[in-house]
Amino acid sequence: MIDFESARVQIFYATPMPGTKTVSLARCEGYVLAEKIATKEPVPSFDSSAVDGYAVRYEDIETIGKNKPVALNIVGEVRAGGTDDVKLGKNSAVKIFTGAPVPRQATAVVMIEDTEESNGVVFIKKSAKRGQHIRKKGKEFRKGQKIFSPGKYISPPVVAMLASSGVTKIKVYRKPRVSLLVTGDELRPPSATLKPGEIRDSNSFALKASLQSMGIDNIEVMRVKDTEADTRRSFLKALKTADVVISVGGVSVGEYDLVKEILHKIGVRQIFWRVAIKPGKPNYFGVKGKKLIFGLPGNPVSALVSFYVLVRPALWKLMGRTDESSFIVKARLTDTITKLPGRMEFVRGIVNRTESGELFVSPLKSRDSHMIGGMAAANCLIYFPKNCSVLESSSSVDVQVLVW
Ligand code: AMP
Ligand code: MG
């Protein structure tokens, strides 16, 4: 049995770097950048107005006092998409709209709310600052400035940046193909009428959903009988096409737990079996060439927790991602929890913020690995260290926020 940390390290080293391909801007969301991106122009590319209002020369409105507005002649109008060649002389103003180029002589924009217009004259009622409401050219990025490095996950705001930088073809890392094998003679589809002893397969749906939420879309699901022949046939089929094979169930010490033995027979090299964690002790990990094989325990909570803490980090690496966003925070426990020493436990919990901003975490009562209700209610995992047997109420603990 190995420790959680060494399991993580061994998986990390066994996980290869992905290949790359080029996708269009419209299809890049959910991939990871495989190239560095620099701006083609300064951002913003010209001085523009941040508000609807009037572009003015600061010198003309410097004298504004309380109840003493300044009157300026409106000499033109410029809207978004217009040009900045409207001439702005002394004591005059140009009507301007958000996003419009600011006339060259203007040194401030006054928002419409601070003005009153009548017969071609605008009364500026409130004092202003030099340069106010003008978005300066190049303020956010210089021309040619690096905005992203390889390894950046392409989230919707990253898509926005790529689009506004004029990048239309993007080099990204390929996503892995995943085969999901759920083992067990007792498993039936959720729609089935159950006979005694049968249960509905929830793991294949939960794990498929977990993969999809990471942006993985090439997923093959197989239900596998607890026989040598079916187990062998299914793994061989999965290994033909998939980069990652995730099997669930059949990896413990029971007589019908065939996964390890079959994997050995078909040439998969075992890296580890059994990790000192709870839930998830019987976890298996092996490799065949560059392919990764995870054998997760079948209990639904064990399967999901194991996926989250062991498989997910490997998949992110396989997708090229270096800015993984799941994070561990410190929170104060609301109840005392105990366990036997010897295994690290991931206790399902609910973390919340008080009005003062402090984080509190309540451990959920249902800690058994088949109780999926607790997992569905939880928004975090409390890290209960291996050799520790009690975490006192009010003590500060490490909490991994679940971002499904
Ligand atoms: P195993 O790891 O195969 O010994 O399974 C452990 C427990 O998880 C057993 O009670 C199984 O019935 C249950 N289980 C296994 N696979 C699934 C699944 N796909 N969906 C729901 N429960 C499962
Ligand atoms: Mg089983």
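At 43% relative accessibility, Val9 counts as partly exposed, a class that lies between buried (under 20% relative accessible area) and exposed (over 50%), judged with a 1.4 Å probe and protein chains only. The structure is a predicted model, in which local features need pLDDT of at least 70 and side-chain atom pairs count only at pLDDT 80 or more, while totals for chains, interfaces and linings use all residues. Residues are numbered from 1 along each chain as its sequence is written, and side-chain values use heavy atoms, with hydrogens and water left out.

Val9 lies in helix 1 (residues 4-14), where helices are DSSP runs of H or I with at least four residues, numbered from the N terminus.

The domain assignment of the protein chain gives domain 1 (4-19 + 175-318), domain 2 (20-43 + 139-173), domain 3 (48-135) and domain 4 (328-401), with bounds that come from an automatic or database domain assignment. Between domain 2 and domain 3, the C-alpha centres are 36 Å apart.

Around ligand 1 there are 14 residues, of which Glu186, Asp201, Ser202, Gly250 and Gly298 come nearest; a residue is counted here if one of its heavy atoms lies within 4 Å of the ligand. Polar contacts, defined as pairs of N or O atoms within 3.5 Å, include one of 2.6 Å between a polar side-chain atom of Glu186 and an oxygen atom of ligand 1. A side-chain N or O atom of Asp201 lies 2.8 Å from a nitrogen atom of the ligand, and a polar backbone atom of Gly298 is 2.9 Å from an oxygen atom of ligand 1.

Technical notes. Chains lettered and ligands numbered in written order. Helix = DSSP H or I, 4+ residues; strand = E, 2+ residues; numbered from the N terminus. Polar contact = N/O pair within 3.5 Å; in protein donor to acceptor, adjacent residues only side chain to side chain.
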